[in-house]
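Subject: Structure handover

Hello,

Here is the structure I promised you. Please open it and keep it beside this email as you read.

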Amino acid sequence: MRITDIVTTPVEINYRPEYQADKRFYPKSPEQTNVIVEVHTDTGLVGIGEAAHSPGVYGETAWQTIEGIEYLKPHLIGRDPLQINRLNIEIDRYSPVGNIAAKAGLDIAFHDLAGKIIGVPVYQLLGGRVHESVRTHITPATYEDTTSDLLALMGQGYRAFKQKMSGDTDYDIALVNSILDNIPEDVVLSIDVNQGWSVNQTLDIAGVLERRKTFPRNLILEQPIDGYDLAGAAEIRRATRIPLMLDDGIRTVSDLRNIIDARAADIVSLKISRVGGIQRCLQMIKMAEAANITYIVDEINEMRVANTAVAHLALASKRPLYTGVCCHLLLEQDVVTTGGVWIEDGAAFVNDKPGLGIDGLDLDKVRATRKAA
Ligand SMILES: [Mg+2]
């Protein structure tokens, strides 16, 4: 059994208009393109993966991913597709740093393929399912109408929300207060600053929110400052009782180890698409568990392929606070036509078919072409 070819297809990921709100701290590239990765074998079985992108935050573009996979391809063709560890070691040997989205797309495809070959779902390859479903967070649509949107989503069963910050401090404080006024204590809200504040600004704003009539026990402060400022994060953590989640600076196991060593986070956001695949993310989950740090198993701009991989990993994890697999619901279109993750009552479910359990894929619908500069 051998890998015979690896095929990449760039696909457009357009957010629905109501999700196009200005996110000043989250530089959105004009290019919204992901890459579908197909790993072919001499068995006729094909593994499907997705390399998701956020060039404004992580640098790598879809076109760099395609080049990265072309570069790695000669070292993977001819190898046994079931030896996922060997394949990842080979990838790291030729690309010890960088190519993170490329690595994630390949690793997701390897897992889908191995599951199809053995005849088990991906969660089974990860040691088996711990949960039947895992609560997922979702981002409400617009700043203008956040509260009514939240209430509608709560009506659908969602119990975890993420709100990006606009960059206007007074506006943001008012927005957070109005959301907190409208959600019960068992509904979690993370406010994601995407590194937009200074330490002092964070302490000021956290102080205002802490002094609400009742302390906001359901609030999470997500990545308020530079992702690599761990001394600053530790200072914030000591100064406020609002839990601090770190996210944007976690790309490698070293990054996570440094956060653990610096006691810089209450919660870490671990993302397959940002750490180079399922195996690397699994390793980080085990590290977080060993260090007694709460974690979420999260997404970046993902369609249903990568979102499904995230769901399998979250379901196989001991105690994720919640997961993030709703991004595909915010997009105009998706390559997946049938199968994969689904959401019911605010929680993520997967089927028990082999691999990711994705039955239908329509690449032509959203195939992207490289735009002229
Ligand atoms: Mg974030």
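Below are notes on a metal site, a helix pair and a sheet.

One caution first: this is a predicted model.

**The metal site**

Start with the magnesium ion. Three residues coordinate it: D192 (OD), E222 (OE) and D247 (OD). The distances are 2.1 to 2.3 Å. Along the sequence, these donors follow the spacing D-x29-E-x24-D. D192 sits in strand β6 (residues 188–192). D247 sits in the loop between β8 (244–246) and α10 (253–262). The pair therefore ties together parts that are 55 residues apart in sequence.

Are these two aspartates buried or exposed? D192 has a relative accessibility of 1%, so D192 counts as buried. D247 is buried too, with a relative accessible area of 1%. The cut-off for buried is under 20%.

**The helix pair**

Next, find helix α6 (residues 146–155) and helix α7 (residues 169–182). Their axes come within 10 Å and cross at roughly 30°. The crossing is right-handed. Which residues meet there? From α6 come T146, T147, L150, L151 and M154. From α7 come L175, S178, I179 and N182. By class, this contact has 5 nonpolar and 4 polar residues, and no charged ones.

**The sheet**

Last, look at the open sheet of 3 strands. The order is β4-β13-β12, with antiparallel pairing. β4 (134–135) and β12 (342–344) are the edge strands, and each pairs on one side only. β12 is joined to β13 (residues 347–349) by 3 bridges. Across that pairing, I343 stands opposite A348 in β13.

Best wishes

Notes. Residues are numbered from 1 along each chain as its sequence is written. This is a predicted model: local features need pLDDT of at least 70, side-chain atom pairs count only at pLDDT 80 or more; totals for chains, interfaces and linings use all residues. Side-chain values use heavy atoms; hydrogens and water are left out. Donors are N, O and S atoms within 2.8 Å of the metal (3.2 Å for Na, K and Ca); water is not among the atoms, so sites may look incomplete. Helices (H or I, at least four residues) and strands (E, at least two) are DSSP runs, numbered from the N terminus. Buried means under 20% relative accessible area, exposed over 50%, partly exposed in between (1.4 Å probe, protein chains only). Axes are lines fitted to C-alpha atoms, for helices over the stretch in contact, and angles run from 0 to 180 degrees between N-to-C directions. A crossing is left-handed if the near helix is turned anticlockwise from the far one by less than a right angle, and right-handed if clockwise. Contact means heavy atoms within 4.5 Å. Ala, Val, Leu, Ile, Met, Phe, Trp, Tyr, Cys and Pro count as nonpolar, Asp, Glu, Lys and Arg as charged, and the others, Gly among them, as polar. Two strands pair if DSSP finds at least two bridges between them.
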